[in-house]
Amino acid sequence: MENDILEMESLSDVEEFEADAHLEMIEEDVVYPEEFLPTYHGIQEGSTVVKVPLAEFNDKPDSLFFNDGVRRVDFILVYEDEDRKEFEKRHTFARRKRRREYFEASLMKMGMELEATPSVADDKLVFVKVHMPWDTLCTYGEVLHIKLPIQPNDLSSQRSPWWQWLSAATKPFYPDQSLISEEAEFFTAPFEKDRLDYFYVKDKDAFFTASMRSRMAFYILSRAPYEIRGSVKKFGIRKLLDGGVYKAAYPLHDCRFNVKSQEEGCPNERFRLYSEWAHPKSFYKMQPLNLIRKYYGEKIGIYFAWLGFYTVMLALAAVVGLSCFIYGYKTQETSTWSKEVCDPEIGGKIIMCPQCDRECKYWRLNSTCEASKKLCIFDNFGTLVFAVFMAIWVTLFLEFWKRYQAELDYQWDTVEFLEQEEPPRPEYEAKCMYERKNPVTGVKEKVPYTACGRCVRVSIGMGTVLFWILLIVASIVAITVYRLAAFFAFSARLRAQDLKELEPLKEYVTPQMATSVTASLISFVVIMILNMLYERVAIWITDFELPRTKTDYENSLTLKMFLFQFVNYYSSCFYIAFAKGKAVGYPGRPVYLLGKYRNEECDPGGCLIELTTQLSIIMGGKAIWNNIQEVLLPWAKNAIFRYCTRASSQKPIPRWEQDYQLQSMSKLGLFYEYLEMVIQFGFVTLFVASFPLAPVLALVNNLFEIRVDAWKITTQFRRIVPEKAQDIGAWQPILQGVAILAVATNAMIIAFTSDMIPRLVYYWSFSVYPYGEQDSQSMQGYIQRSLSIFDISDFSNDSRPLSAPYNITTCRYRDFRYPPGHPKEYEYNIYYWHVIAAKMAFIIVVEHIVYLTKFILSYVIPDVPYAVKEQIKREKYLTQVILHETNLKLVTKRLKPVHDVTRRNSHGKKEEIALDFDFSNDRA
């Protein structure tokens with residue numbers, strides 16, 4: 001067995017014509033270590049493969065049982081009957097049939113019970129029903145360390161009168177208790193077959209829930225062999241699905257989503273979830289998380305718990321953000337510097353220098369009047385307060401989520417869900433061919449690669465990810481070049497005074513705004529295209545790395561995808577916030593990109609309004625596109641599939657065939673749901689200083705997102721195979737990293753992108769003596785002071801405008817430089833150095849204060865509530881008591897035969913041994 005090769009690859013087509021009446025199978029006693037697959041028994045060489053019994057549909061469309069009405073259906077396998085294929089194509093499917101029959105025989109050999117039923121709607125399809133008997137359930141319940149109840153929870157806290165009053169007041173916002181009631185709480189322990197008497201078993205049929213049963217069934221399906229030839233072993237339902245042997249494999253929904261089942265004893269959990277959770281009319285209600293977890297498993301439950309908690313926390317941020325927006329909107333007309341821009345006697349008489357070479361014209365400052373008013377909405381002191389608030393909010397969100405997650409971990413029995421309890425992926429086990437000593441257990445085990453081989457795989461993966469990130473950077477450069485070229489064209493057109501078709505919008509449209517909007521749209525299209533391409537590359541890289549467990553696989557894929565998405569989605573925002581307009585020189589000596597394109601300049605009010613535009617377009621476009629994808633595509637696919645496979649007869653459609661007509665969940669599962677929300681979380685936190693309405697948009701989107709996701713998985717998708725999960729995985733450290741980065745980005749946006757610091761420096765220092773002429777601090781004269789003077793005779797031949805008014809000799813530009821004729825003409829003046837010093841001081845002070853506050857909050861707020869800690873200790877104590885009593889009974893049972901033997905010997909010895917036994921028993 002040491003040289004056996006386990007592989008998942010299919011055989012070459014040359015072997016396709018190997019057909020025997022009896023399958024010549026190699027006798028193998030073990031395919032997996034016994035601890036992973038204890039019921040496996042090899043099929044004897046030359047033996048006839050047992051076929052699945054065939055049973056006609058019994059005309060009970062809501063039935064969840066075999067035809068005998070006793071054995072519950074735990075999983076469904078679907079295949080096309082090879083004998084019904086066209087004659088000339090039958091030989092193509094001979095190998096598929098052999099593999100399917102051997103696979104099904106292996107399942108029955110491993111303790112599962114199968115029953116096949118032909119399709120009602122399509123005579124080519126056959127549905128194989130899979131049942132897990134009690135003994136098999138107990139065996140694999142122990143293998144998977146499933147935690148089951150041992151006794152009712154006696155530490156349930158008594159609700160205070162205040163809490164009871166609050167519960168009564170908020171009752172309309174909770175699911176209808178007549179449909180979804182609270183379940184009893186139990187202390188639980190990992191299941192052990194030998195200690196069954198100590199578990200709280202009231203009904204064997206209900207002891208293992210439907211999600212537990214389907215999870216155990218899928219565990220066996222993923223590891224059962226379908227072909228063994230010599231030392232080559234092939235196994236797993238996934239490869240049979242990929243190879244076309246089976247069309248689908250899924251657990252059953254318990255009923256139709258909008259109609260109760262007529263079967264006696266059916267829990268109708270899907271109907272209850274739709275009525276009180278997925279239906280649009282329930283958008284205002286709290287989520288029934290316990291029922292979601294019971295029906296779909298912990299992984300789905302923890303996602304919706306996180307999404308709901310994030311949405312509730314967003315409500316607070318949205319209220320504060322909306323207040324800041326209203327404050328800015330109300331004060332935009334009172335802004336002194338905005339009034340100066342719009343004043344015909346000030347802004348109307350200031351001639352601005354052209355912002356591109358030759359083709360661009362001189363323009364008056366008051367042409368940006370409307371843009372300056374809009375800038376006042378977002379660039380004010382309220383934004384500074386909101387940015388600091390959001391830095392504290394994100395810390396509170398993460399810390400309170402840890403506490404809430406700890407409560408769910410205890411309630412859902414995932415507190416001790418360790419890596420050792422998670423079985424290896426079949427794809428990992430298939431490649432195990434090298435031996436090593438386990439550093440934890442000290443036992444020899446097989447791994448798929450050496451230490452050097454692992455380094456090679458990881459290096460290739462990292463190199464590929466880096467290459468794609470560089471590809472994004474290249475696209476950013478391309479979009480930047482477009483910005484420069486487009487700005488040149490828009491400047492030549494929009495500054496013309498004879499564009500009658502733009503007359504209603506002329507005061508709102510500036511070259512900067514037109515360039516920003518079109519570049520944002522192009523950036524959005526590029527983002528979507530690169531996303532589709534990179535997804536396949538990231539999956540290929542992660543498959544190549546061969547992570548051990550599914551959790552490792554998902555975490556590795558998550559990190560790769562997020563690094564790519566981070567650069568892809570946020571790069572344009574970082575460019576506008578921290579690069580655009582920062583290195584432009586001055587009109588007589590501009591800076592060129594690639595020696596050809598003149599660098600973009602910001603509006604006189606700064607680039608903040610452009611950053612706001614970029615954020616609103618990407619956030620809005622992304623939300624609309626994702627909702628269209630999540631709602632319309634599954635619905636349209638299901639409608640087309642139902643139309644193409646509609647039954648010609650009027651016979652009722654069985655439950656398993658109704659589910660087959662639904663969509664299957666993507667292999668990536670919830671990855672894109674998490675990614676969508678984490679990208680949104682980045683927009684809400686990283687750039688919130690430029691767009692206080694971001695939390696409001698996120699809140700509205702999430703209220704739809706929860707119900708859209710719920711509607712989608714409840715009505716449009718087959719039931720998902722339940723999976724265990726303790727937390728949100730790699731997304732947790734990603735969120736923490738974004739939260740830390742958000743403090744720095746918002747401080748830098750306020751310092752370098754907005755105009756707040758220069759205005760504060762002018763107000764406190766340069767508006768009064770010794771730099772100013774006013775008696776008290778004021779913003780009057782700020783526009784004149786913040787715009788430098790340039791002599792138009794100093795233009796170079798390459799940048800000199802083709803036409804110029806005859807009555808001007810100077811123009812103004814946005815910078816802090818000495819005027820022409822000064823001994824240090826066009827060099828930075830003292831105002832510039834004051835502003836730089838103030839910006840650096842602001843960043844350092846704000847960052848230190850916020851980081852200190854975050855650290856204190858993280859330290860003060862415990863990750864696990866005190867009540868949960870007490871209940872965990874109580875549960876561990878009860879588990880230890882049960883273990884002790886069980887071991888005591890085993891020792892007593894083994895010592896009884898010794899007592900009987902001594903009684904048949906001499907009388908004296910009997911008394912001596914009996915006394916010794918009693919003494920030992922007392923000590924025990």
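Student: At what angle do the axes of helix α19 and helix α21 cross, and within what distance do they come?
Tutor: This is a predicted model, and in it the axes cross at roughly 25° and come within 8 Å. Helix α19 covers residues 671-686, and helix α21 covers residues 731-753.

Student: Okay, is α19 roughly parallel or roughly antiparallel to α21?
Tutor: Roughly parallel, because the crossing angle is roughly 25° and angles under 35 degrees count that way.

Student: And what's the handedness of the crossing where α19 passes α21?
Tutor: That one is a right-handed crossing.

Student: Which residues of α19 and α21 meet there?
Tutor: On the α19 side you'll find Phe671, Tyr674, Leu675, Val678, Phe681, Gly682, Thr685 and Leu686. They meet Trp731, Ile734, Leu735, Val738, Leu741, Ala742, Thr745, Asn746 and Ile749 of α21.

Student: How many of those are nonpolar, polar or charged?
Tutor: The contact of α19 with α21 has 13 nonpolar and 4 polar residues, and no charged ones.

Student: How do α17 and α19 pack, in angle and distance?
Tutor: Helix α17, residues 608-644, packs with α19 at an angle of about 165°, and their axes are 11 Å apart. An angle over 145 degrees counts as roughly antiparallel, so α17 and α19 are roughly antiparallel to each other. As for handedness, α17 passes α19 in a left-handed crossing.

Student: Which residues make that contact?
Tutor: From α17 it's Leu615, Ile618, Met619, Lys622, Asn626 and Glu630. From α19 it's Glu673, Glu676, Ile679, Gln680 and Phe683.

Student: What's the split by class for α17 with α19?
Tutor: There are 5 nonpolar, 2 polar and 4 charged residues in that contact.

Student: Back to α21. What angle and distance go with α21 and α24?
Tutor: Helix α24 spans residues 830-860, and the axes of α21 and α24 come within 9 Å, crossing at roughly 155°. They are therefore roughly antiparallel to each other. Here α21 passes α24 in a right-handed crossing.

Student: Which residues meet in that pair?
Tutor: α21 brings Ala739, Ile740, Val743, Ala744, Ala747, Met748, Ile750, Ala751 and Phe752. The α24 residues they meet are Lys839, Met840, Phe842, Ile843, Val846, Glu847, Val850, Tyr851 and Lys854.

Student: And by class, what does the α21 and α24 contact have?
Tutor: It has 15 nonpolar residues, no polar ones and 3 charged ones.

Student: Let me zoom out. How many helices and strands are in the protein chain?
Tutor: The chain has 26 helices and 19 strands. Of its 924 residues, 50% count as buried.

Student: What share of the contacts join residues at least 24 apart?
Tutor: It's 77%, counting contacts between residues at least 6 apart in sequence.

Student: What does the accessible surface come to?
Tutor: About 44800 Å², and 59% of that belongs to carbon and sulfur atoms.

Student: Now some loops. Where is Asn258 found?
Tutor: Asn258 is in the loop between β9 (248-250) and α7 (269-278). At 40% relative accessibility, it counts as partly exposed.

Student: What does Asn258 touch, apart from its neighbours within four places in sequence?
Tutor: Asn258 is in contact with Phe271 and Tyr274. Also, the C-alpha atoms of Asn258 and Leu273 are separated by 9.8 Å, and those two are 15 residues apart along the chain.

Student: Is Asn268 buried or exposed?
Tutor: Buried, with a relative accessible area of 10%. Asn268 lies in the loop between β9 and α7, and it has a positive phi of about 55° although it is not a glycine.

Student: What about His145, where does that sit?
Tutor: His145 is in the loop between α2 (134-143) and β5 (147-152). Its phi is near 55°, a positive value in a residue other than glycine. With 34% relative accessibility, His145 counts as partly exposed.

Student: And Leu144, buried or exposed?
Tutor: Leu144 counts as buried, at 6% relative accessibility. Its place is in the loop between α2 and β5.

Student: Last one: what is the peptide bond from Tyr769 to Pro770 like?
Tutor: That bond is cis, with omega near 10°. Pro770 lies in the loop between α22 (756-766) and α23 (782-786).

Technical notes: Residues are numbered from 1 along each chain as its sequence is written. This is a predicted model: local features need pLDDT of at least 70, side-chain atom pairs count only at pLDDT 80 or more; totals for chains, interfaces and linings use all residues. Side-chain values use heavy atoms; hydrogens and water are left out. Helices (H or I, at least four residues) and strands (E, at least two) are DSSP runs, numbered from the N terminus. Buried means under 20% relative accessible area, exposed over 50%, partly exposed in between (1.4 Å probe, protein chains only). Contact means heavy atoms within 4.5 Å. Accessible areas come from the Shrake-Rupley method with a 1.4 Å probe; for residues, only the protein chains shown count as cover. Axes are lines fitted to C-alpha atoms, for helices over the stretch in contact, and angles run from 0 to 180 degrees between N-to-C directions. Angles under 35 degrees count as roughly parallel, over 145 as roughly antiparallel, 65 to 115 as roughly perpendicular and the rest as oblique. A crossing is left-handed if the near helix is turned anticlockwise from the far one by less than a right angle, and right-handed if clockwise. Ala, Val, Leu, Ile, Met, Phe, Trp, Tyr, Cys and Pro count as nonpolar, Asp, Glu, Lys and Arg as charged, and the others, Gly among them, as polar.
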